[in-house]
Amino acid sequence: AKKNPLPSSSSLCALRGRTVLYRTLAESISGSFVPRPCDQHPHSAPPDDKVVVEYESQLIHIISLEEKTQTIKVLLHVTEVWHDSTLRWNETEFGGLNETWLPSDSVWVPDIIAFNMLNRVDVLSSVRSTVSIRSDGRVSFSYPQIVTFMCAIHIADFPFDAQKCTLEIASWGYSAEKLRLRPVQHSGTLLQHYQQNEEWALTNLSVDVALFSHEENVVTEVRIALSLQRKPLYFISALLIPSYIICVLSVAGLFARFSTRDERQERFSLGVTATLTLSVLSLVVTEKVPHTSDEIPILVLYFHLNTLVVTVATVLTSVSMRISEWRGDTFKSKRFRLSRRDFLRLADYADKAFFFIFMIILTIPFAYMTYRCAALSGQYA
């Protein structure tokens, strides 16, 4: 049987240096080891000098965007890098060791949060997260988190709407004179691990920095702006196309030729049924979008137009029905006296004219909505 090779002297030296370094850092943080004045520093206090935090946030996934509550939930991978002079050491005194790791709760970390967030889930809450520390005092802290933050939703163009949500990140307790955020902007890394959302297409992601006044303190604020475009294919196939088919069948049924009076009276019941069906489809849309009086979604306007068209068509069908019931002696003047067959022919012409007029009114907005859906689907497929 093979025997495990003994560790080399360099490995033993590095291991011994790491052990001594852990003990030294632990004593330095607790204050029991005082090799120089700056080492006696409580772990809950920031470094003595000004702290510049390099902040990088990678967007992993857009989990959901709730229109009614006007919130968006995203999964982020955050990396924070800063320098802490109290955590420096001489590599030659610890076996050439230039990097080590400590639990995140044993050193000071910046109190960086999203000011407009409603909820935050620490993915590593059940795992003891660590920070990376280099010999020059460079501290790196990486962690994933799920953030739910506020986002103003504009629904006038629903379901072709585009939204812009901004995540406002800053230090809660330190002003810009003590802690300054510096966003790390690498277009290739911000979306390196991004996974697309089924309903929303990410059109742009921008990061900028600004000064923000918070509780009489001016803090550095990093703003991450997400530009989103809705994918409308689901709403077109589930709501728009069925609505158009119902309207076409209703108009065709309302102005079809009937042979008896009882069959003609079925036109009104057909029109009422179609109107109720369109009202139910409109209700589905209104339950999806926020209840606001400022904007009316274009899809709701489309359903209102269809409902109005079917209602007017139902009323006008009585015109052709009335004409078909006229007889030769309906008018007293001989100039307007026509035979029964002439009145039936006139009612047939009225039915055809009404049918083509209402079909044009229904088809034009349907073609417009379908064209917009095809253009967006092809752009963000």
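Trainee: How far apart are the end C-alpha atoms of residues 353–371?

Mentor: They lie 27 Å apart. The span is 100% helix and 0% strand. Helices here are DSSP runs (H or I, at least four residues), strands are E runs of at least two, and both are numbered from the N terminus.

Trainee: Before we go on, what kind of model is this?

Mentor: It is a predicted model: local features need pLDDT of at least 70, side-chain atom pairs count only at pLDDT 80 or more, and totals for chains, interfaces and linings use all residues. Residues are numbered from 1 along each chain as its sequence is written, and side-chain values use heavy atoms, with hydrogens and water left out.

Trainee: Where does UniProt place the "transmembrane region" feature?

Mentor: The unreviewed entry gives residues 233–256, 268–286, 298–319 and 353–371. Positions follow the numbering used here, feature names are shortened, and annotations may be inferred rather than shown by experiment.

Trainee: And what is the helix content over residues 233–256?

Mentor: That stretch is 92% helix and 0% strand. Its end C-alpha atoms are 33 Å apart.

Trainee: Switching to rings. How many aromatic pairs does the structure hold?

Mentor: There are 12. Rings of Phe, Tyr and Trp (its six-membered ring) pair if their centres lie within 6.5 Å; planes under 30 degrees apart are stacked, over 60 edge-to-face, the rest tilted.

Trainee: Why is the pair of Trp-82 and Trp-108 called edge-to-face?

Mentor: Because their planes sit at 85°, with the ring centres 5.9 Å apart. The pair links distant parts of the chain, 26 residues apart. Trp-82 is in strand β2 (residues 71–83), and Trp-108 is in the loop between β3 (99–103) and β4 (112–114).

Trainee: Trp-82, buried or exposed?

Mentor: Buried, at 0% relative accessible area. Buried means under 20%, exposed over 50%, partly exposed in between (1.4 Å probe, protein chains only). Trp-108 is buried too, at 6%.

Trainee: Which residues do ring pairs link into a cluster?

Mentor: Trp-82, Trp-108 and Tyr-174.

Trainee: What about Phe-158 and Phe-235?

Mentor: Their centres are 5.0 Å apart and their planes at 70°, so that pair is edge-to-face. Phe-158 lies in the loop between β7 (138–150) and β8 (162–171), and Phe-235 in helix α3 (residues 233–254), so the pair ties together parts 77 residues apart in sequence. Phe-158 is buried at 0%, and Phe-235 is buried at 8%.

Trainee: Last one. Where is Ile-241?

Mentor: In helix α3. Ile-241 is partly exposed, with a relative accessible area of 35%.
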